[in-house]
Amino acid sequence: MNDVAKVIRLQDLATVPRPRPATRNWTGSADRSVTSLTDRLTPPTPAAPRSVTDLMRDALGRQIGRTAEFARRRLTGDYQVDEFGFDEHLLESVLLPALRPLADNWFRVQTSGMENVPEVGGALIVANHAGTVPIDGLMLQLAVHDHHPKQRALRLLAADLVFEMPMLGTLARKAGHTLACRPDAERLLSAGELTGVFPEGFKGVGKKYADRYKLQRFGRGGFVAAAVRAGVPIIPCSIVGSEEIYPKIADIKPLARLLGLPYFPVTPTFPHLGPLGAVPLPSKWYIEFGTPISTTEYQAEDADDPMLMFEVTDQVRETIQQTLYKLLVRRRNAFMG
């Protein structure tokens, strides 16, 4: 009897459906995990390189767009000109872009100490002047605009001769520059403008190559008096590189008097090579802005004290001279940097 019961029980167990073993669904989550891991391990396919034609087409399209926008603003009068004739829209759209290839690719200008130039308010940048042709002023203005966090416009104080020349005078006004006289300087500084001055004047820009990087006399300190009256800081600025662009080896004074110029330069390439001699040599440039010299401790009437103004002027001059020496040591080679 027991044997029969066991047989029946075994038969019942045989008829009970047994659970099937779990099988991995290779098209399910496991497959997605493998695919995801493969995606992570496989580097993305790089985009196909664009052809030179495509790049030129895009650049041309951008240029056409900028030109159209410039023309629209000029035709509709959507720009402003201040009391000095400064046209900021023209400066940023035409004049500065024309200078950038010269600064970036020819002179390879390097700028340091820009943190010393205030982001707001008036300040007077005082720089050395050289190069036979005053290109250093243009490079200084471009450096301030392109490297300052607020892209400030530097308003330069220029000699009367600049504004007496037909086309050059008009462009100088539109670029924001004005006469190098105390009233104009004080008006700009008091209005919170960033102003630049070259106290050496023609004595600096027209000196011979043998006297390079030797600062000439800084005048009677009129720029210091203007800064004191306006209560703005004075920022010494040293420029290395401008001395080598047109090395002046002689001066044809009779021709200079005939043309009404302060000098008529003779360089290794001009006038011997004609128009080709007007191409500046590709010297390496450094522009450094020094620690500001505060004028807040002075009263407005101190500007009338010639001895006090001379002391501050001498301090500025000596700071620029010592920085020039430092930059020359860093540069090593006039054209390689």
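## The sheet

In which sense do strand β6 and strand β9 pair, and over how many bridges? In this predicted model, β6 (residues 234–240) runs antiparallel to β9 (residues 286–289), and 4 bridges link the two. One of the residue pairs to look at is Val240, whose bridge partner in β9 is Tyr286.

Zooming out, β6 and β9 belong to an open sheet of 7 strands with mixed pairing. Reading across, the order goes β1-β9-β6-β2-β5-β3-β4. At the edges sit β1 (110–112) and β4 (178–179), each with pairing on one side only. Helix α5 (residues 135–147) packs on this sheet and touches β1, β2 (123–127), β3 (154–158), β5 (194–197), β6 and β9. The direction of α5 makes about 65 degrees with that of β9.

Now for a helix pair: α8 (residues 182–190) and α10 (residues 222–230) have axes that come within 9 Å and cross at roughly 35 degrees. The crossing is right-handed. On the α8 side, the contact is made by Arg182, Ala185, Glu186, Leu189 and Ser190. From α10 come Gly222, Ala225, Ala226, Ala227, Arg229 and Ala230. Sorted by type, the contact residues of this pair come out as 6 nonpolar, 2 polar and 3 charged.

Terms used: Residues are numbered from 1 along each chain as its sequence is written. This is a predicted model: local features need pLDDT of at least 70, side-chain atom pairs count only at pLDDT 80 or more; totals for chains, interfaces and linings use all residues. Side-chain values use heavy atoms; hydrogens and water are left out. Axes are lines fitted to C-alpha atoms, for helices over the stretch in contact, and angles run from 0 to 180 degrees between N-to-C directions. A crossing is left-handed if the near helix is turned anticlockwise from the far one by less than a right angle, and right-handed if clockwise. Contact means heavy atoms within 4.5 Å. Ala, Val, Leu, Ile, Met, Phe, Trp, Tyr, Cys and Pro count as nonpolar, Asp, Glu, Lys and Arg as charged, and the others, Gly among them, as polar. Two strands pair if DSSP finds at least two bridges between them.
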